[in-house]
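The following note sets out numbered remarks on the structure shown below. Each remark concerns one residue, one pair of residues or one group of residues.

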Amino acid sequence: MDILKSENLSKTYGSGEISVDALKNVDFTVKEGEFVAVVGSSGSGKSTLLHLLGGLDRPTNGKVLINDRDIYTLKERDLSIFRRREIGFIFQFYNLVPVLTAKENITLPLLLDGRIIDNDYIDELLSTLKIKDRKEHLPSALSGGQQQRVAIARALATKPSIIFADEPTGNLDSKISSEVLDLLRISIKKYHQTLVMITHDEEVAKTADRIVTLEDGKIISNEVVVK
Amino acid sequence: MRKYNGLTFKYLKKQKQRTALTLLGIILSVALITSIGIFGESIKHGMVQQVLDLKGKYHGTFDNLDDKEISILKKHTKVKNVGIQTPLGGYRREDSSLTISIEGWDKNLIDMIGRSLLKGRWPRDNNEIVLERWLLEQLEIEPRIGNKFTWKYDMTYIDEEGKWNNYESEAEFTLVGIMKDSPGGKATGSSLSLVSINTVKNLLPKALLNKNAFFWVNDTYSIKDTLDELQSSLKIDDDNVRVNYELLNILGENDKVNFPIIFLIAIVLIATIGAIYNIFHISVMERIKEFGTLRSIGTTPKQIKKMLFTEGFFLSVISIPVGILVGFIFSKLLISNLSIVNNVANEVVVSFKVIITSSIVGLLAVFISIYNPARLASKVSPIEAMGNDSAVLKEGTTKKRKWHSLLNSLFGVTGKMAYQNLWRNKKRSVVTIFSMTLGCILFIVFSFINSSADFDNILDDHLHGDYSIMVNRGMEKYSVKDLESINNIEGIKEVKAIKFRGFGFNLMFNEENVNSDFLKYFKEEILKFPHYNQKKKNGQYLLESDVFGYDDKTLSKIDKYLEKGNIDIKRMKEKPLALFINSRVDPGYRVGDKIKFNVSLFDSDDGKYIRDKEIELEIGGILNFYPINMGIYSMGPGIVLHEDMFKDILEIDGYSRFDISIEPKIIREKIENKLEGITNKIPGGTFVDYEKEKKLLQKQKRQIKIMVISLIIVIGLIGFFNIVNTITTNLIIRTREFGMLRAIGITNKQLKKMVRLEGMFYGIVSAFWGSILGTILSFILYLLFKQEATYMKWNTPWISILGVCVGTIIVGVLATFIPLKRISSMNIVESIRNVE
């Protein structure tokens, strides 16, 4: 079943002569439980695609359907709520709230949603991501790898249908990177989640189920990884 | 960009909004200092003008100079002007209680004192005289130039053996001019008549001739130093030096330090520097990342400091002159539109001093403010600054769990985050709260000044209703019938009747029952007068005192003068219970002490002496001033009795003074005619109309209020800009964080709530500290001012506190509007990339 589908997705920055087409009529689907790696050179439109798929930006043209719902028909408020319930984000620079502890950061999307926190689930997440002993620490007291694991836990906290990761290990050294990625993979397998991840690292890409390559705002290859 | 410094200007140009806010902040702060300076100078100028008008343009006088000394004084380079006065003596007429002194003045002195003619000319030839207009009326002398009359005059002097003597003579004078009344002359019953110096020389024996020199020190020299220098070079005794203290006090040429004013200025300065500091601090914080970048490409800490100082200098060069101009326009608008007269300034005085001070303070404030942020910026580690998003400087979090759960239940997670955000960068928050707190403090302190100056009270202190009728000395009194007829005039609201005796009422004391200060004063200042030498009775010294008899109405209204004890009107009516007023030196009496007086009794009809009697009075209370007086004082203390007790002791039925209040909207002229009729029943009786003075005081009251309120508005504006500036920056810095929050699904509503709560918390915390500190400071100010301004009152300033709380919260929330609009309209992707 397709969990995510984009139709004719385009994004143009600026207008007139200085306009830049960051994304050109991209059609793209992701199946439930799939791990898709998006690769491409710098400026190829990877991040734009991810932002549009995740409902962070509005496309110039085209649609994004998540669970068959056209997310850009939603109002700003509903889109926000949709994001916090259905989508998880992991950024390169973690983007944790500095005044909140690790655990508070993880539960923030739930709190914003006014939901009761499933402590067992959160503890399990913390254990899975091996940050249980750091849960009361502030981000400033955590290492980069730990911060990213907190960010992963935050993305998983609401049990979203799909997770978008924008070079989640771009800021980490290779040893930590593989550790974090392993944990990410374990987590999404464990909780049956779908993952769309941008990466520069071919080795990382090869661990995905499928690799999509972008160039000049277009998908130039879409290959299933044979393991 | 040719030099790296060019970056500064590029930054200023790019961040237009921020630059504008910074400029505005400095402009307002400098404007505040300037306008306070201009107000101060203008008020001082007005007061100096008033003293000059009242007392004349002289810094001091040397008495008993010979011609040689006078010529030295006149030629002295440090002395600008010298005027000569030689007294001829006093003129008394039996049918009047007026004090008239006849003096020879030279033209210089007439100009310095500022007397002016209504008619005729100044005396030139022998026996020519110029009188004040009111005196001519009072003595019923025909106001015709050329009118001749004979006056007796007398002069008291110490002869070669050191004994007091009286010289008496008479002469025929020719009226050659009529001059304007001297201020207060009529009310106190004293008048000045002028003759030429030659007239005095001719009329007085040479030994009695006294020349006194009034002088004005050249503006470029210190008055006090010059005075001392002249005194020592001319070898003049201290006794013969009189300093125009009223003028010198206003000019600040005295040793007294004006703590309240210094305190007030200090608060304003701290607030101003605080505001400017805040602006720069946050402006640097905002650019920490940029500085990190610069550091990483090899900029030295020194270069970064230099860049920031260049920025500060550049901003100062623009904003300080504008600030001074704004301050000038502001004070000019206020002062000239209000045409504040008397006591307060009537023209705008802009001295170089004010401009220089404001510039220096502004510049200093900017540089002090830059110093610390510059140090911080230059210390930033490149990696730290670049790598981190907003938590560049170590951001700690205080763990106040108690608050958290409370806030959580009150405002939800957004409230909790808002509160925690407040403390994420302690330094920044402290600076923000500090500046808001200063705004609150200034507001409370100035509101206190505004409300504490209870002008009705001052009015009451100076005026005693609408009119007064007084008779000054001697046995003359207004009768009970006179009081009745005043009370019967239509439109009279209230009459306060005062009994008074200024002689024949002597305090009796031993050396043992007064303190040493008083004894010293008595022996040095009083015993030298001839008629005191013999005055001793039963081994006790006698000291002439003033005794008043107040009615119930008056007694019930003099609480504010009470220093110790109480005013028990009922007991005062029946028992010899008195209120004691220290006149010059406190003899050390306490409430409950019994003191003796020697009372001379006279026949109320023919004024003949009957006998002396001794009485004992118990001190029921001690007053710090004469609530109602007769304009002249004895050397001794004042005693206030109930009118009934006064009558029992002194056997006097009549009244010396009536203070009359009238109903509003009554035709004054009718009443005035009747009152004047009653006044004139007794020769020497004086009728005083307070209408003009009252109007003047009311006008002043309004004007001072407007002035203080305007200052409060400026202070409020500075505070507002400061807060908007700080909160805007605080939020803009965190754009990326807000982007992330939106990415993980915070709705705009939630975001707005969080940010507004943050603004509100700033307001609450600042209002809390501002209220406490403002209250304490206003109390300190009250303590400092109290001595000089007895009318001041202090209450916990609840209204100001309420105003501060509501104000800061509203301002705190309002301040979030602009940045919120910017943040929520910003594309999430852009926010996350944190492009500024």
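Predicted model: local features only at pLDDT ≥ 70, side-chain atom pairs only at ≥ 80, totals over all residues.

1. In chain B, residue B:Asn64 is placed in the loop that runs between strand S1 (60-62) and helix H3 (67-75). B:Asn64 is not a glycine, yet has a positive phi of about 60°. Most residues other than glycine have a negative phi. With a relative accessibility of 39%, B:Asn64 counts as partly exposed.

2. The loop between S1 and H3 of chain B also holds B:Asp63. The side chain of B:Asp63 forms a salt bridge with that of B:Arg242, at 2.8 Å from N to O. This pair links distant parts of the chain, since B:Arg242 belongs to strand S10 (residues 241-243) of chain B and the two residues are 179 residues apart. B:Arg242, at 39%, is partly exposed.

3. A:Asn67 has a positive phi of about 50° although it is not a glycine. A:Asn67 sits in the loop between strand S4 (61-66) and strand S5 (69-70) of chain A. Its relative accessibility is 35%, so A:Asn67 counts as partly exposed.

4. How many of the eleven residues of helix H3 (residues 102-112) of chain A are buried? Nine of them are, and the helix is thus mostly covered. The buried residues of H3(A) include A:Glu104, A:Asn105 and A:Thr107, together with A:Ile106, A:Leu108, A:Leu110 and A:Leu112. A:Ala102 and A:Pro109 are also among the buried residues of this helix.

5. Over all chains, the count of salt bridges comes to 24. One of the salt bridges joins A:Glu34 to A:Arg210, with the closest N and O atoms 2.6 Å apart. A:Glu34 lies in the loop between strand S2 (20-31) and strand S3 (35-40) of chain A, whereas A:Arg210 lies in strand S9 (residues 210-215) of chain A, so the pair ties together parts that are 176 residues apart in sequence. Both A:Glu34 and A:Arg210 are buried.

6. Another salt bridge is formed by B:Glu651 and B:Arg611, whose closest N and O atoms are 3.7 Å apart. This pair also links distant parts of the chain: B:Glu651 is in the loop between helix H23 (643-650) and strand S22 (657-662) of chain B, while B:Arg611 is in strand S20 (residues 609-623) of chain B, 40 residues apart. B:Glu651 is partly exposed, with a relative accessible area of 40%. B:Arg611 counts as partly exposed at a relative accessibility of 40%. Elsewhere in chain B, salt bridges that share partners join B:Asp466, B:Arg668 and B:Glu672 into one network.

7. Which residues gather in a patch of negative charge on the surface? They are B:Asp237, B:Asp238 and B:Asp239, together with B:Glu524 and B:Glu525. Of these residues, B:Glu525 lies in helix H19 (residues 516-526) of chain B. B:Glu525 has a relative accessibility of 38% and therefore counts as partly exposed.

8. The surface of chain B also carries a nonpolar patch, formed by B:Phe313, B:Phe314, B:Val317, B:Ile318, B:Val322, B:Val326 and B:Leu363. Together these residues have about 520 Å² of accessible area. Which element gives the most to this patch? Helix H12 (residues 301-338) of chain B does, with six residues. B:Ile318 is found in H12 of chain B, and at 36% relative accessibility this residue counts as partly exposed.

9. The side chains of B:Ser191 and B:Glu132 make a polar contact at 2.9 Å. B:Ser191 belongs to strand S8 (residues 190-195) of chain B. Its relative accessibility is 5%, so B:Ser191 counts as buried.

Note on methods. Residues numbered from 1 in each chain as written. Chains lettered and ligands numbered in written order. Heavy atoms only, no water. Patch = residues over 30% accessible without salt bridge, like charges linked within 9 Å, V, L, I, M, F, W, Y side chains within 5 Å. Areas by Shrake-Rupley, 256 points an atom, 1.4 Å probe, with all protein chains shown as cover. Salt bridge = Lys/Arg side-chain N within 4 Å of Asp/Glu carboxyl O. Lys, Arg positive; Asp, Glu negative; His and termini not counted. Charge placed at Lys NZ, Arg CZ, Asp CG, Glu CD. Helix = DSSP H or I, 4+ residues; strand = E, 2+ residues; numbered from the N terminus. Buried < 20%, exposed > 50% of the residue type's maximum accessible area, 1.4 Å probe, protein only. Polar contact = N/O pair within 3.5 Å; in protein donor to acceptor, adjacent residues only side chain to side chain.
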